[in-house]
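Here is a short report for a first look at this structure. It begins with the aromatic rings and then moves to the core.

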Amino acid sequence: MRNKSDIANGRARLVTRRSFLGGVTASGLLLAGPAFWQQPARADAAPADQIHLQFGADPATDMTVSWVTATSVSRPRVVLGTASGGFGRVFEAETRSYVDQINGVETITQHARIRGLRPDTDYVYQVLSDGASPVAGTFRTAPVGRVPFRFTSFGDIGSGNPAWSKSSLNAITAAGQIEQFDPVVHLLNGDLSYANVNQANMPAVWADFANNTQPSAMNRPWMPALGNHEIEAGNGPLGYLSYQTRYTLPHNHSASFAGNWYKFQVGSVLFISLDNNDVVYANDGGAYLGTTNALYLLGYSNGEQEAWLEKTLREASHDPSVDWIIAYMHQPAMSSSSSGSGSDLGIRSTWMPLLYQYGVDLVLAGHDHDYERSYLVRGTDPGTFLRPSVVSTDTTEVDTSQGLVHIVLGGGGTSSHDDVYGPPDSATGPLPTSQIYTTFPQVFKAAANETEAATWSAVRDPDTTHPWGIGVFDVDPGRWPGDKTSITLTYYHTPAATASNLYPAPVVYDSVTFVRHRRDGFLHGDRAASGAAAGART
Ligand SMILES: [Fe+2]
């Protein structure tokens, strides 16, 4: 990870690169409108555009480079090298395309799967095809074993082009911040481009999103989760065709739903990306498709995702290399936002029993455009809508061997904010009330069915005009077998960006350290024996 001077240098580098990509100064961006969001025209074959990385099954050895070409190209490929050794190995790309069903625009994507890499190693690469100018990028493979590393997270970013609905300049800020903080990976908790609220221009909105993220996502993987705004009219049976065409994600071995949910491990942390559209009661996707409830995805996998999650968690419970399990998703199980969606019983009833049983440590979400962190919770209070029971109200050092913590990180950069919280509950004093969806089928944006006192809500960002921010997580693996390991979250609140100041300095708003014991010690090595019986890892 980098020190403060490195962060400052990273910011300067990003501004320079972005100015180059756009061909204009930052202040010219607004005046120019969407046209300036396209790559500069070139005289040769269609150049690479919208470049981004994804980890393969093993982040230490596998990386996929993906990009878009304006037309069909010959021999799309990535040439790989190292900074000291020059370029050498060539990886041919797979071409996949789809035609947007509303405006008929075809998007042609290229995906080069690179395998056999060395862990924790810097690589350089060139994206090219016959007759096209090469575009150079870099990446670093993930480390293995118990080593310190950093990851970042937020959802709900948007395209960064204010001309599109739900987008704001703060998406530019957000991409820059990721480069400043230099994580191994960024977890993108759903609602990516918001193309589906710009139906006449969905491919163009995706292009703006991907070109805004490219200066970061071509250097490090942004690993997404599906949000309600990835559901698009006409584009596939689930509306996911654009997402699925653009991304090549670790395989979940599903015959029908590859990429919708997946896992990967970096160091001692297992990351699990879940598709909450499969389980949420609140239907927040259908109305964007022109017909209310046109695509209500509740239960679409017919239990396949839940079975995969249970198998994944069970296997992890026997794996001594896994100290931490982090599930990330879009819609939150716990949110006291009153202007956003709030909590959803579908998530609570489907995922949460498994996440408690197998001792998941953190549950990251988005959807509500704000920041909120729960106390340490496990199990449910009797007589409630599966409201989690608070295990500890310690908000500085939290022992996740005793429960888990929910964190809403929905301030990636979209134009709307949900950081208005439910009014204080009369029975609990200053604690807010959470609205909660408890029945289905739900009608789009219908009022939540019930409310509850949010006894679980520990920290909220009350800035009701600036919802933006980023979660920065630093993993300390501990020093010896069985030692205490920790993950420190620093949440940076982000002021509003302007055309003349696209990179306002982030401000630390919240900090907390999560701790547990490593799994390789004598006392803490058998997660299955102690965890399954006790309902959690120890
Ligand atoms: Fe959402």
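## Aromatic rings

Which residues form one aromatic cluster? F55, F149, F151, Y262, F264, F271 and F473 do. Rings of Phe, Tyr and Trp (its six-membered ring) pair if their centres lie within 6.5 Å; planes under 30 degrees apart are stacked, over 60 edge-to-face, the rest tilted. This is a predicted model: local features need pLDDT of at least 70, side-chain atom pairs count only at pLDDT 80 or more, and totals for chains, interfaces and linings use all residues. Residues are numbered from 1 along each chain as its sequence is written, and side-chain values use heavy atoms, without hydrogens and water.

By this rule there are 18 aromatic pairs. F257 and Y300 have ring centres 5.1 Å apart and planes at 75 degrees, so they are edge-to-face. Both F257 and Y300 are buried (under 20% relative accessible area, 1.4 Å probe, protein chains only; exposed is over 50%, partly exposed in between). Y262 and F264 are stacked, because their centres lie 6.3 Å apart and their planes meet at 20 degrees. Y262 has 0% relative accessibility, and F264 has 1%.

## The nonpolar core

The largest nonpolar core has 116 residues. Such a core is a set of buried Ala, Val, Leu, Ile, Met, Phe, Trp, Tyr and Cys residues joined through side-chain atoms within 4.5 Å. Y125, F151, F264 and F271 have the most contacts inside it.

Apart from this core lies another, of five residues, including L169 and Y503.

## Around F151
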